[in-house]
Amino acid sequence: MAETINKTTLASKIAATTDLSQAKVTAVLDALFDEVSSAVKAGDKVSIPGFFSAERTQTAARTGRNPQTGEEIKIAAGHRVKLTAGSKLKAAVK
């Protein structure tokens with residue numbers, strides 16, 4: 001079964017290959033995640049060529065159904081995040 005890599009494990013692996021401290025790598029990862037989140041929240045598209053792109057999309061209001069009762073419910077319009085894998089990431093998993 002495949003290993004699940006969380007932020008701590010990722011920071012540890014990057015620190016080992018770059019000779020940086022794990023604290024510095026964690027700080028860089030935190031800054032990266034904050035910047036991506038801020039940009040997507042503002043409606044900007046974030047693209048790291050070859051790896052991924054992230055953008056905010058609009059969802060329309062719609063009617064859904066409560067699975068427990070079968071009752072129709074109204075689901076408000078909102079926003080979602082769309083992530084798209086880039087060519088290098090796709091090639092790496094083939």
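First, a term: two strands pair if DSSP finds at least two bridges between them. Strands themselves are DSSP runs of E with at least two residues, helices are runs of H or I with at least four, and both are numbered from the N terminus.

This is a predicted model, where local features need pLDDT of at least 70, side-chain atom pairs count only at pLDDT 80 or more, and totals for chains, interfaces and linings use all residues. Residues are numbered from 1 along each chain as its sequence is written, and side-chain values use heavy atoms, with hydrogens and water left out.

Now look at β3, residues 62-65, and β4, residues 72-75: they pair in the antiparallel sense over four bridges. Which residue of β4 stands opposite Gly64? That is Ile73. Thr63 has Lys74 as its bridge partner in β4. The two strands, β3 and β4, form a hairpin with six residues between them. In that turn, Gly70 has a positive phi of about 80°.

Next, the whole protein. It has three helices and five strands, in the order α-α-β-β-β-β-β-α along the sequence. The radius of gyration, taken over C-alpha atoms, is 19 Å, well over the 12 Å that the globule rule (2.2 Å times the number of residues to the power 0.38) gives for 94 residues, so the protein is more spread out than a compact globule. Along the principal axes, the C-alpha atoms fill a box of roughly 55 × 35 × 30 Å.
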